[in-house]
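Me: I would like to go through this structure step by step. Could you explain the terms as they come up?
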Amino acid sequence: MDWLTVYPGLLRGSVTPPPSKSLAHRAILCAALAGGLSEIGPVQPSDDIRATLGCACALGAEVKWRGNCVQVRGTGGKSAVQSARMDCGESGSTLRFLVPLALALGVNAGFTGRGNLGKRPLSPYETICRAQGLGFQHPEDATLPLQVSGRLKSGKFTLPGDVSSQFVTGLLLALPLLEGDSEIEIQGALQSRGYIDLTLSAMKAFGVEVECPSEGRYRVPGGQSYRARDYQVEADFSQAAFFLCAGALGAQVDVLGLRRDSLQGDRAVIPMLRDLGALVEWKGEALSARPGNMHGAVLDAAQCPDIMPELALVAALCPGHSCIVNAARLRIKECDRLHAIAQELNRLGGKVVEFQDSLEIDGVEMLEGGVQADSFSDHRMAMMLAIASQKCRLSISIGNPGCVSKSYPGFFDDFRSLGGTTE
């Protein structure tokens with residue numbers, strides 16, 4: 001295993017996080033379904049985005065890089081191929097978006113992946129396929145490799161609200177291609193709703209309309225066509241969250257390139273840091289955080305599970321008691337993130353107790369460090385551990401730091417540009 005040693009020291013300067021991976025996924029697929037040429041940018045060629053581009057090509061789209069933009073010539077919403085092999089890498093978004101798209105196009109598709117992806121559930125899609133008599137074959141003990149066949153039919157689709165919003169997005173992207181009208185009904189409270197808002201925004205930009213007559217109901221007219229266009233991708237709040245959390249721990253970092261009116265769900269890092277007592281404010285086009293009257297708080301992970309590692313780090317260094325609740329879905333990310341957060345923060349000198357769907361955290365003044373920390377080959381764990389080094393008395397060695405290529409290949413370059421010291 002490769003190791004990267006990170007030394008204590010507060011970060012200072014300004015940084016522009018990469019373009020939103022969530023928006024790039026959606027825009028690429030909308031463009032792949034459109035007729036004509038679209039240009040999407042800026043796009044960072046992370047592992048996850050490369051997986052989505054590869055799957056778009058497998059469905060018949062043509063992709064070409066032009067600087068930091070991607071040109072996509074779409075299929076016009078038609079079946080350009082009869083069968084396809086799709087390598088989703090470790091990207092849950094890619095897998096869950098492409099399964100219903102392949103079925104809507106009538107493509108016999110085989111899906112593969114790596115890492116923890118084969119353990120992430122696909123049961124909502126399996127239920128739909130069984131009900132419609134579509135092929136859905138996978139090993140008994142894993143979801144991958146997966147083979148799907150047949151053509152999805154329009155109708156009413158019912159999904160539980162406590163599963164990943166990626167299933168809702170996959171259906172929303174696919175259903176406009178079908179002949180008849182469809183409806184999606186969410187049973188129970190919808191988690192990660194911000195990601196659904198991103199999907200609807202991207203679809204609208206590419207000319208596809210979805211009605212939302214009431215909370216948790218989406219009406220999708222069939223027979224629609226995605227229209228090619230140029231699309232600008234805003235900066236990523238999910239990655240900005242690491243540097244904002246660094247600021248809440250004492251760093252002096254201005255985060256540039258973010259939109260104040262962003263629909264990104266991980267914009268929730270702003271109110272959550274404020275709940276912990278941090279001062280988060282806009283200064284012109286820059287967003288920054290700094291310590292205020294820091295204290296414990298209850299943080300609800302239901303709508304924004306991805307930013308919990310770095311928020312747990314801040315909570316671990318706040319006076320008082322904090323709870324992270326509704327966090328069960330962290331167990332089915334790139335690793336069992338709930339366990340990984342508790343284990344690694346405790347190894348650094350924190351006080352974290354792990355429960356089935358929550359963490360209880362008692363704040364400490366400083367972390368000790370001086371350990372070989374396990375990233376679990378999880379990009380967000382590796383980045384959290386790097387930020388943790390600011391508040392350690394001794395250095396941290398991070399295992400497999402290269403896993404950040406999944407979402408933020410330039411993270412450690414940006415970290416060093418802000419004065420972070422690594423070896």
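Me: Which strands does helix H3 lie across?
Reply: Helix H3 (residues 92–105) lies across E6, E7, E8 and strand E9 (146–149). Its direction runs at about 165° to E7. Contact means heavy atoms within 4.5 Å. Axes are lines fitted to C-alpha atoms, for helices over the stretch in contact, and angles run from 0 to 180 degrees between N-to-C directions. Helices (H or I, at least four residues) and strands (E, at least two) are DSSP runs, numbered from the N terminus.

Me: Before we go on, what kind of model is this?
Reply: This is a predicted model, in which local features need pLDDT of at least 70 and side-chain atom pairs count only at pLDDT 80 or more, while totals for chains, interfaces and linings use all residues. Residues are numbered from 1 along each chain as its sequence is written, and side-chain values use heavy atoms, with hydrogens and water left out.

Me: Back to the strands. What is the order in the open sheet with E6?
Reply: The order is E6-E7-E9-E8, an open sheet of four strands with mixed pairing. Two strands pair if DSSP finds at least two bridges between them. Strand E6 (83–87) and strand E8 (135–137) stand at the edges; each has a single partner strand, so one side of each is left without a neighbour in the sheet. The twist averages 15° from one strand to the next.

Me: In which sense do E6 and E7 pair, parallel or antiparallel?
Reply: E6 and strand E7 (residues 108–112) pair in the parallel sense, over five bridges. Arg85 stands opposite Gly110 in E7.

Me: What about the sheet with E18? Which strands stand at its edges?
Reply: This open sheet has four strands in the order E18-E19-E21-E20, with mixed pairing. Strand E18 (298–300) and E20 stand at the edges, each with a single partner strand.

Me: How many bridges join E19 to E21?
Reply: Four bridges join strand E19 (residues 321–325) to E21, and the two run antiparallel. The bridge partner of Ile324 in E21 is Leu359.

Me: And how are E20 and E21 connected?
Reply: A hairpin joins E20 to E21 through four residues. Strand E20 (residues 351–354) and strand E21 (residues 359–362) pair in the antiparallel sense over four bridges. Val352 has Ile361 in E21 as its bridge partner.

Me: Which strands does helix H9 lie across?
Reply: Helix H9 (residues 308–316) lies across E18, E19 and E21, running at about 35° to E21. Helix H10 (residues 337–348) also packs on the sheet, where it touches E20 and E21, and its direction makes about 155° with that of E20.

Me: New topic: at what angle do H1 and H2 pack?
Reply: Helix H1 (residues 21–33) and helix H2 (residues 47–58) pack at an angle of about 10°, with their axes 10 Å apart. That makes H1 roughly parallel to H2. Angles under 35 degrees count as roughly parallel, over 145 as roughly antiparallel, 65 to 115 as roughly perpendicular and the rest as oblique.

Me: Which residues meet there?
Reply: Among them are Ile28 and Leu29 in H1, and Ile49 and Leu53 in H2.

Me: Last topic: how many disulfides are there?
Reply: The count comes to zero disulfides, a disulfide being a pair of cysteine sulfur atoms within 2.5 Å.
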